Structures are given as structure tokens and as C-alpha cells.
Amino acid sequence: VQLVESGGGLVQGGGSLRLSCAASGRTSSIARMAWYRQAPGKQQRELVASIASGGGNPNYADSVKGRFTLSRDNARNTMYLQMNSLKPEDTAVYYCSAIVLEELELHDYWGQGTQVTVSS
């Protein structure tokens, strides 16, 4: 599975951005997709939002609930993250992730990341 993010950029606080993650390859084997972010100076990536391929509602980190919306276009194998009311603390590199079932094992795949910078 290959994942390609797009849509990052520089935005003023209170603004909006929409990130996209296009998946290709064995997309039928994807069990879960998610957005993570890694803020400047932090070593760990934070789970922002996720959704299971089998259906159900997305899950969100408390820090983004009510502001971010995850959606999927299954026909285009693309996942989106609509980010509204952006804050400077949302500044990070945002990564798309897919958990893929391959030969009875789960594997993590990551995109290259897209930079989101929110100015105050």
C-alpha cells in the first residue's frame, strides 16, 4: 500500500485546511486508516483521528473534537481531514497511516507527511 498526503500549508489561526490521503496498491486489505501528527520538537506522533474500514464513526483526539472531521471516499481510495478553527498548537507534520492485513499479519504503512503551520 502506498499513501500520499497533500493539502498542508500555512494558515492563520481560525482558518481551515483540508488534507487528503490517496491510497494505492492493495487497498482492499486496509483494516484501518488514521491521521497522526508530530509537533515541532516532539518525538512522538499523536493520533488525531481514525476510522475502521468496516464502517462506524471516526474517532478523534480530545484536542481536535468539534474542529476536525475525518471522511473517506471509498471510490477514490482517499481519506480526508477537514480542519477548521485551526490553532497555533495544531502546527505539525501530519501523516496518513494505514493498517493493512497481509498474510494474517497487520502491518503499518505511512505517508511522507504534509506540513501544517498555523500562525497566531
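These legends describe close-up views of a predicted model. Local features need pLDDT of at least 70 and side-chain atom pairs count only at pLDDT 80 or more, while totals for chains, interfaces and linings use all residues. Residues are numbered from 1 along each chain as its sequence is written, and side-chain values use heavy atoms, with hydrogens and water left out.

**View A. The aromatic pair of Tyr95 and Trp110.** Tyr95 belongs to strand β9 (residues 92–102) and Trp110 to strand β10 (residues 105–110), so the pair ties together parts 15 residues apart in sequence (strands are DSSP runs of E, at least two residues, numbered from the N terminus). Tyr95 is buried at 11% relative accessibility, whereas Trp110 is partly exposed at 36% (buried is under 20% relative accessible area, exposed over 50%, partly exposed in between; 1.4 Å probe, protein chains only).

View B. Tyr36, Tyr95 and Trp110 make up one aromatic cluster. The charged end of Arg45 sits over the ring of Tyr95, 3.6 Å from its centre (CZ of Arg or NZ of Lys within 6 Å of the ring centre and within 35 degrees of the ring normal). Arg45 also lies over the face of Trp110, 4.6 Å from the ring centre.

**View C. Surroundings of Met33.** Leaving aside neighbours within four places in sequence, Met33 is in contact with residues including Leu3, Cys21, Ile51, Met79 and Cys96 (contact means heavy atoms within 4.5 Å).

Technical notes. Phe/Tyr/Trp six-rings, centres within 6.5 Å; stacked < 30°, edge-to-face > 60°. Helix = DSSP H or I, 4+ residues; strand = E, 2+ residues; numbered from the N terminus.
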